Amino acid sequence: LGRARLPSLSPSQFLRRQQVLQLYRKILRAIREVPAEADRRYLKDWTREEFRRNKDATEEDAIRMMITQGNMQLQELQRTLKLAKS
């Protein structure tokens, strides 16, 4: 009802947007596993700021590169958390 209408997206833009949202959720989920509250807060704020800063990006190659970088950072975080638990 009161939601802002998204501009109509091409199928590839729609899929890219889904990828970005999925990555964002995965990162926030991984951050929940970080034991220290201060570290969790820092990582959450940093993540939000990074996504916010790049939300108006439209260049396909740049967006693809950012998704790749985000996935690499997510994997690094997951590896670090796994090591910390062992």
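Analyst: Buried means under 20% relative accessible area, exposed over 50% and partly exposed in between, with a 1.4 Å probe and protein chains only; because its relative accessibility is 8%, Gly70 counts as buried. This is a predicted model, in which local features need pLDDT of at least 70 and side-chain atom pairs count only at pLDDT 80 or more, while totals for chains, interfaces and linings use all residues. Residues are numbered from 1 along each chain as its sequence is written, and side-chain values use heavy atoms, leaving out hydrogens and water.

User: Which residues is Gly70 in contact with, leaving aside neighbours within four places in sequence?

Analyst: Contact means heavy atoms within 4.5 Å, and on that basis Gly70 touches Leu23 and Ile27. Gly70 itself belongs to helix 3 (residues 60-85), where helices are DSSP runs of H or I with at least four residues, numbered from the N terminus.

User: How do helix 1 and helix 2 pack, in angle and axis separation?

Analyst: Axes are lines fitted to C-alpha atoms over the stretch in contact, and angles run from 0 to 180 degrees between N-to-C directions. Helix 1 (residues 11-31) and helix 2 (residues 37-53) meet at about 170 degrees, with axes 10 Å apart. They are therefore roughly antiparallel to each other, a label for angles over 145 degrees. Among the residues making this contact are Leu23 and Ile27 of helix 1 and Leu43 and Phe51 of helix 2.

Definitions and conventions
Helices (H or I, at least four residues) and strands (E, at least two) are DSSP runs, numbered from the N terminus. Angles under 35 degrees count as roughly parallel, over 145 as roughly antiparallel, 65 to 115 as roughly perpendicular and the rest as oblique.
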